[in-house]
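Please read the following explanation with the sequence and the model side by side, taking one part of the fold at a time.

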Amino acid sequence: PIYYALVVTEEDAFRQRLEIRLPEGSAPDVHVIDLRLHLTRIALDENAAEGANVVVVEWLSMQNPRRAFTRARPRLPGQRFPGTGFGRDVAQLLVLMCRRIRRDGLVVVPERFHLAELYANAGWRAASPHADRDLHDVRAAAARLTFAARAWAVERGFVVDERGAPYVYAPAERILPVSDALADALAPGVFQPPRRYVVDVDGLRESLANDAVEGMDLDDVNV
């Protein structure tokens, strides 16, 4: 049997860290889940007259160091090991926590484009309509690629605009409202004209052929 250790550290009155760890020496990395949270208040308008009490997810790593990447689950940008598949369960637990401690919602800043896409799919809203527009437009341009291929197309600069300039993902806050007040404050903004992007599929295939990604098959990079 595999034994896991649950370690909770209170760094100060507002910051906590939760780790689920494997025994030392049992895998290349002992962390299965590493979660760091802090409490804060965010402004909801330009004058900061209105605000919301939130839980900020400073860091969340979920990985299975005992597994290898496969074609069904290829490596994504930033990954050292395959994911755990616990994302939805962890999000539900965080929502329950927010309700229990009477927080309005959760805030995260996805480090990479594919993470922003995952959070958006799960109902996390962008604080800025510009971030949502860019996410929608890039996904539309690369909709026929697999999730992993789309992630690497963005990561390696093969999603380009009409001038040929690569799309560069800019990390921005995403918010999962728990209270009705925060949900109302994050109502969709004014529609903005789309930006047209295209995917340089040949360039992406060549890049993956020259610098392979574990689990990625070039036959999956087609449109």
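In this predicted model, Asp 137 has its place in helix α3, which spans residues 129–141. Asp 137 is buried and yet has no salt bridge, the nearest side chain of opposite charge being that of Arg 133 at 4.2 Å, a distance that falls outside the limit of within 4 Å used for a salt bridge. Leaving aside residues up to four places away in sequence, Asp 137 touches Pro 194, Arg 195 and Tyr 197.

From this helix we can turn to the sheet. It is an open sheet of 7 strands with mixed pairing, and its strands follow the order β1-β2-β3-β4-β5-β8-β6. Because β1 (5–10) and β6 (125–126) stand at the edges, each with a single partner strand, one side of each is left without a neighbour in the sheet. Strands of a sheet pair through backbone hydrogen bonds, either parallel or antiparallel. Here β1 pairs with strand β2 (residues 15–21) in the antiparallel sense over 6 bridges, and Ala 5 can be found opposite Arg 21 in β2. Helix α1, residues 87–100, lies across β3 (31–43), β4 (51–62), β5 (105–108) and β8 (174–177), and runs at about 150 degrees to β4.

The aromatic side chains come next. The whole structure contains 4 aromatic pairs. In one of them the ring centres of Phe 113 and Tyr 167 are 5.9 Å apart and the planes stand at 80 degrees, so this pair is edge-to-face. Since Phe 113 lies in helix α2 (residues 113–121) and Tyr 167 in the loop between β7 (159–161) and β8, the pair ties together parts that are 54 residues apart in sequence. Phe 113 counts as buried at 3% relative accessibility, and Tyr 167 is buried as well, with a relative accessible area of 9%. Phe 113 also forms an edge-to-face aromatic pair with Tyr 169, at 6.2 Å centre to centre and with 85 degrees between the planes. That pair likewise links distant parts of the chain, with Phe 113 in helix α2 and Tyr 169 in the loop between β7 and β8, 56 residues apart; both Phe 113 and Tyr 169 are buried. Ring pairs link Phe 113, Tyr 167, Tyr 169 and Tyr 197 into a cluster, and Tyr 197 is also one of the residues that Asp 137 touches.

A search of the whole structure finds 18 salt bridges, one of which joins the side chains of Arg 15 and Glu 58 at 3.1 Å, N to O. Because Arg 15 lies in strand β2 and Glu 58 in strand β4, the pair ties together parts that are 43 residues apart in sequence. Arg 15 is partly exposed, with a relative accessible area of 32%, and Glu 58 is partly exposed, with 36%. Arg 150 forms a salt bridge with Glu 117, in which the closest N and O atoms are 2.6 Å apart. With Arg 150 in helix α4 (residues 147–155) and Glu 117 in helix α2, this pair therefore ties together parts that are 33 residues apart in sequence, and Arg 150 and Glu 117 are both buried.

The side chains of Arg 163 and Asp 161 also meet in a salt bridge, at 3.3 Å from N to O; Arg 163 is exposed, with a relative accessible area of 72%, whereas Asp 161 counts as buried at 11% relative accessibility. Finally, salt bridges that share partners join Arg 17, Glu 19, Arg 21, Glu 24, Asp 34 and Arg 36 into one network.

Key: Residues are numbered from 1 along each chain as its sequence is written. This is a predicted model: local features need pLDDT of at least 70, side-chain atom pairs count only at pLDDT 80 or more; totals for chains, interfaces and linings use all residues. Side-chain values use heavy atoms; hydrogens and water are left out. Helices (H or I, at least four residues) and strands (E, at least two) are DSSP runs, numbered from the N terminus. Buried means under 20% relative accessible area, exposed over 50%, partly exposed in between (1.4 Å probe, protein chains only). Lys and Arg count as positive and Asp and Glu as negative; His and the chain ends are not counted. Contact means heavy atoms within 4.5 Å. Two strands pair if DSSP finds at least two bridges between them. Axes are lines fitted to C-alpha atoms, for helices over the stretch in contact, and angles run from 0 to 180 degrees between N-to-C directions. Rings of Phe, Tyr and Trp (its six-membered ring) pair if their centres lie within 6.5 Å; planes under 30 degrees apart count as stacked, over 60 as edge-to-face and the rest as tilted.
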